[in-house]
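Please find below a short note for a colleague who is new to this structure.

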Amino acid sequence: MTDPIADYLTRIRNAYLAGKKVVEIPTSKMKVALTKILCEKGYILSYKLIDEKPQGTIKIALKYHPQTKAPAIKKIERVSTPGLRRYTDVENMPRVLNGLGIAIISTSKGIITDKEAKELNVGGEVVCYVY
């Protein structure tokens, strides 16, 4: 697999499109950090880490609107790819839907959202947009 983060985002996107309640994804440190951010910001219901010997899995409970059954994530897209890395500094930090969505940034302080990166005054690689 050349891009495990794109695979992670695609599995979540496909599970929402199929109306699934739970999706299982092979784990890595970056995927766990992305999952924590999605849970904190309310885009997913919850997650559970399952440790197995060679590689564990992350079970993610997806979130839908109670009445309309619309998914919590309208769009989740990869920005920086292995073939074309996208970096940003604090002055040019991307705004997703005028601040309604989030951009997830990989910085020297860890994987954080665009708003946290502005507060910490750090730039980094733009991993994905979520709204």
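The numbered points below take up the strand, its pairing and the loop in turn.

1. This is a predicted model, in which local features need pLDDT of at least 70, side-chain atom pairs count only at pLDDT 80 or more, and totals for chains, interfaces and linings use all residues. Residues are numbered from 1 along each chain as its sequence is written, and side-chain values use heavy atoms, with hydrogens and water left out.

2. Strand S6 covers residues 102-107, and five of its six residues are buried, so the strand is largely enclosed by the rest of the structure. Buried means under 20% relative accessible area, exposed over 50%, and partly exposed in between (1.4 Å probe, protein chains only). Strands (E, at least two residues) are DSSP runs, numbered from the N terminus.

3. S6 pairs in the antiparallel sense with strand S8 (residues 124-130) over five bridges; two strands pair if DSSP finds at least two bridges between them. Within this pairing, Ala103 has Tyr129 of S8 as its bridge partner.

4. Strand S7 (residues 110-113) is also antiparallel to S6, with four bridges. Ile104 is bridged to Thr113 in S7. Two residues lie between S6 and S7, which form a hairpin.

5. The loop between strand S5 (87-88) and S6 contains Leu97, and Asn98 lies in that loop too. Phi is positive in both residues, near 50° for Leu97 and near 55° for Asn98. Most residues other than glycine have a negative phi.

6. Leu97 is partly exposed, at 48% relative accessible area, whereas Asn98 is exposed, at 65%.
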